[in-house]
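Here are some notes to read beside the model. Please take the points in order.

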Amino acid sequence: MPDTFGASRPATLRFALPCELSQVHQAAQTAHRFLMEQGCNEEILTACDLAFVEACNNAIKYAPENARTQTVSVEILCHNGDLELRVADHTRGFDWPEKVELPPPESESGRGIFLIQSLMDSARYLRGTGENILIMRKSRPSPGVKTKPRAAMDNDWLITGLLEELSFSYESLSAILRYSAGQNKAGDLIKFARGVLGDLSGVVGAEWFVFRTVQNQSRLDVLAASESALDMGSIVFRGENSDAEFLEAQVAASQQPLWFDETRELADADPLRLKPRSHGIVYPVFVGENLTGTLTLGKNLKRGASTPAGELAFTSSQTNIIGTFAQFLAIQIVNARIQEEQVTSRIIARELEIAGSIQRSLMLKELPQLPGFEIAALCQSAQQVGGDFYDVLKLTDDTALLVIADVMGKGVLAAMFAAILRAVLRATPELNREPAALLARVNQILFDELSGVDMFITAQLAFVDVKARRLVVGNAGHCPLLVADDSGVKSLSPEGMPLGILPDAVFTSETVDLPPNCRVLLYTDGLTEAMGAGGERFGQERLADWFNENRGRARSAGELQEELAGRLAQFQVKTRLNDDQTFLIMTG
Amino acid sequence: METEMETEMKLQNDGATLRVSAVAELSAANANSFRDETRHAFGQEQRNIEVDLSQTTAVDSCGLGALVALHKTTSSRGGVLRLLNPTPPVQQILELTRMHRIFEVINQ
């Protein structure tokens, strides 16, 4: 297939000028130079110069005060024998008169439109929202390099018609431009892409499209397709096991557009096999120098028809439109992604900040102590702040309620439930000596709120009486409590469901004696679930063994806390903390 | 009396006629100041204005508007506005807008 792609592109000049009359002269010179480079003769130059100046003057003179900061954008296209000058303005717009007449001689204004109309072959003023565009056309004598065949000329007229149609949809184009400022969700983006590509297909006469975007610099994923069947999985265009022979992969790898028709042989699993009797183009889409994706547009061939030799599915003008749309879409995608990432990361950061401060406020600065006993605790937060907390409620001189809990879930909600649980426990002093009854009451109070958001809390309450050297333990689905003394380690795990599972859950309690040199450990599963370098868990056994090592030695709770924290840190030296790790140690 | 204006044009009194020359361009950017400066320099006793357009490379519709305004000024005193030696592009726009029939255009 001949590669006429690059050769038939119109020469284009685009620039913007500040909304000031004094800038028009320079802009006109820029336009003049460009047109001269394109080989326009003196007559054409004079006409274009003046029409251009008039168009710019109007765009500037009638711009409302608040639009003066916006530039006037100019586009000049030069294609074979045809020139097109476009000047976009931000004025309120006006109705281009159906018949342009010369104003009476004594009138000091009103000749601009007349001049434009007289100097150019055609002028059309398209009104949009916030922006209007004046399109002026002039044909110039062909430089005589080559005369185009008649058929091609007809085709060009067809394209001109299409271009006009495109221009007529300026309202929707400006809607698209406006939309780009507002949308920032992935779902919106897909819908948006489908809308834009649907419009594009209509304009260039394509019957189907697939737009793929580059992921991980090696994969093409479908973002939008004209039909669900075309929404086929990923294509790998780089690296091992790449689908290098697929058309879209070839385009992504070569970064060159590729034409195809029904005679092209497609690899076995090429998704474009779904459209065997069609012709079209696979177009690489860039933002700056980076490949953002591929856009495939195709037309179906009628039964028995075939693509005439040397003919491409789309004309050069259509291909230009395809390129413009694809580029526009790609920029929107890149912008939307950046925006989305920024929004998401800001929200997460803020949420974690809030959760973190709630959680910190729950931790006691100084733990109450009991005579003859010592209490120490530690709460290490993972990056994603969770709902771990501990508490020590001093009841009398000799008694206290030890609390450890883990609210399932992360973030603000978990931290809030932790705060609520703490408050409820402190507000129910009459049951503080009976952990099982207290858990039942707390469960009743919190059930509706917890189940309403599908959350639950595991908790362990231990009432300690140092005078009686006795411990009463109640458990709501929490990991066991360890008690160690000279005879070994005991694990206590009385029956009980997590809070928030059943409205009338029943809890039991267990009572143990606290002999001299005893140690009590309350912890959350973040400890036993802690992961080592090889993927192994810290585990309950390792924890119980460590707790037992200290048998027969008088150790303070503070020492043990530091030692356990050290062990955990060592164990996780190569891995990241992925859950809160909280524990409370009492010795006595 | 000779003044150099912001627009770099020259204004010269010659009896009943005010001569304006060295106008580089007559466009939206300077049309109003051109009109006002010329009117300002136009003495009470004068009747005609002569604008030398031999160095004027471009005139746009606003420039024409300014010329129309000066034409009215001179007419009100029974005088004329003369345009001297317009360059081809300027001549073209004058013809296109039929202004060459209103103003007195002199090619010397």
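1. Two strands pair if DSSP finds at least two bridges between them. Helices (H or I, at least four residues) and strands (E, at least two) are DSSP runs, numbered from the N terminus. In E20(A), A:Leu521 is the bridge partner of A:Leu482. Three bridges join strand E17 (residues 481–485) of chain A to strand E20 (residues 519–523) of chain A, and the two run antiparallel.

2. This is a predicted model: local features need pLDDT of at least 70, side-chain atom pairs count only at pLDDT 80 or more, and totals for chains, interfaces and linings use all residues. Residues are numbered from 1 along each chain as its sequence is written, while chains are lettered from A and ligands numbered from 1 in the order in which they are written.

3. Now the whole sheet. Five strands of chain A form an open, antiparallel sheet in the order E12-E21-E20-E17-E18. Strand E12 (374–380) and strand E18 (488–492) of chain A each have a single partner strand, so one side of each is left without a neighbour in the sheet. From one strand to the next, the twist averages 15 degrees.

4. Next, a helix pair. Helix H2 (residues 42–61) and helix H3 (residues 112–119) of chain A pack at an angle of about 145 degrees, with their axes 9 Å apart. Axes are lines fitted to C-alpha atoms, for helices over the stretch in contact, and angles run from 0 to 180 degrees between N-to-C directions. Among the residues making the contact are A:Ala47 and A:Leu50 of H2(A) and A:Leu115 of H3(A). Contact requires C-beta atoms, placed from the backbone, within 7 Å.

5. Is A:Gly112 buried or exposed? A:Gly112 counts as buried because it has 22 C-beta neighbours inside 10 Å. The cut-offs: buried if 20 or more other C-beta atoms lie within 10 Å of its own, exposed if 12 or fewer, partly exposed in between, with C-beta atoms placed from the backbone. A:Gly112 sits in helix H3 of chain A. Leaving aside its neighbours within four places in sequence, A:Gly112 is in contact with A:Glu54, A:Asn57, A:Asn58 and B:Ser61. A:Gly112 and A:Asn57 are 55 residues apart in sequence, and 8.6 Å apart in space, C-alpha to C-alpha.

6. Last, the two chains. How many residues of chain A are in contact with chain B? The count is 21 residues of chain A, in contact with 19 residues of chain B. H2(A) gives the largest share of chain A's side, six residues.

Key:
Contact = placed C-beta atoms within 7 Å.
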